[in-house]
Amino acid sequence: MTEIQVLDNPAKRRYEVLVDGVVAGYVFYLQREGALVLIHTEVADEFEGEGVGSRLIAGALDDIRSRGLQVTPLCPFAAAYIERHEEYSDLVAA
């Protein structure tokens, strides 16, 4: 069984997705007053097409919500994910 975790790595200003303990991808962010700006998402080639990027963005958005923050999705992948998953649209900063 594959274990997938999404963790914030504030020292590197990114959320990381770990697949069985291996960093499989990340989304970089900038911190702003009350919000995180998602700027770029990358997934390692060997994990492409397996839903790892989607799990990464969902995990990051869930953490952002739990922290009471909003999000500005400059990253096209993150923006498209939010557009497809309306349950996260309330997180988008005006």
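This report describes the sheet, helices, aromatic pairs and selected residues of a predicted model.

## Sheet architecture

The model contains an open sheet of five strands in the order β1-β2-β3-β4-β5, and the pairing is mixed. Strands β1 and β5 (70-73) are the edge strands, each pairing on one side only. Between neighbouring strands of this sheet the average turn is 30 degrees, with direction ignored.

Strands of a sheet pair through backbone hydrogen bonds, either parallel or antiparallel. Here, β1 (residues 4-9) and β2 (residues 14-19) run antiparallel and are joined by six bridges. Strands β3 and β4 are also paired in the antiparallel sense, over eight bridges. The pairing of β4 with β5 is in the parallel sense and has four bridges.

## Bridge partners

Residue L38 in turn stands opposite P73 in β5.

## Hairpins and loops

Strands β1 and β2 make a hairpin with four residues between them. In the turn of this hairpin, R13 has a positive phi of about 50 degrees, although R13 is not a glycine. The residue belongs to the loop between β1 and β2. With a relative accessible area of 49%, R13 is partly exposed, since exposed requires a value over 50%.

A second hairpin is formed by β3 and β4, with two residues between them. Its turn includes G34, whose phi is positive at about 75 degrees.

The loop between β2 and β3 contains D20. Phi of D20 is near 50 degrees, a positive value in a residue other than glycine. The relative accessibility of D20 is 47%, so D20 counts as partly exposed.

Helix α2 (residues 76-84) lies across β4 and β5 and runs at about 120 degrees to β5.

Two packed helices are described by the angle between their axes and the distance between the axes. For α1 and α2 the angle is about 75 degrees and the axes are 10 Å apart. The two helices are therefore roughly perpendicular to each other, as the range for that class is 65 to 115 degrees. On the α1 side, the contact is made by G53, S54, I57, A58 and L61. The α2 side contributes F77, A78, Y81, I82 and R84.

## Aromatic pairs and a charge over a ring

There are three aromatic pairs in the model. In one of them, the ring centres of Y15 and Y29 are 5.5 Å apart; their planes are at 50 degrees, so the pair is tilted. This pair links distant parts of the chain, with Y15 in strand β2 and Y29 in strand β3 (residues 22-32), 14 residues apart. Residue Y15 has 1% relative accessibility and counts as buried. Residue Y29, at 4% relative accessibility, counts as buried.

Another pair consists of Y81 and Y88, whose ring centres are 6.1 Å apart. Their planes are at 40 degrees, so this pair is tilted. Both Y81 and Y88 are buried. The residue Y81 is also among the α2 residues that make the contact with α1.

Separately from these ring pairs, the charged end of R14 sits over the ring of Y26. The distance from the charged end to the ring centre is 4.1 Å.

Residue V6 lies in strand β1. With a relative accessible area of 25%, V6 is partly exposed, because buried would require a value under 20%.

Not counting residues up to four places away in sequence, V6 touches Y15, E16, V17, R55, L56, G59 and A60. The C-alpha atoms of V6 and E42 are separated by 14 Å, and the two residues are 36 residues apart along the chain.

How values were computed
Residues numbered from 1 in each chain as written. Predicted model: local features only at pLDDT ≥ 70, side-chain atom pairs only at ≥ 80, totals over all residues. Heavy atoms only, no water. Pairing = 2+ DSSP bridges. Phe/Tyr/Trp six-rings, centres within 6.5 Å; stacked < 30°, edge-to-face > 60°. Buried < 20%, exposed > 50% of the residue type's maximum accessible area, 1.4 Å probe, protein only. Lys NZ or Arg CZ within 6 Å of the ring centre and 35° of its normal. Axes fitted to C-alpha atoms, helices over the stretch in contact; angles between N-to-C directions. Contact = heavy atoms within 4.5 Å. Parallel < 35°, antiparallel > 145°, perpendicular 65-115°, else oblique.
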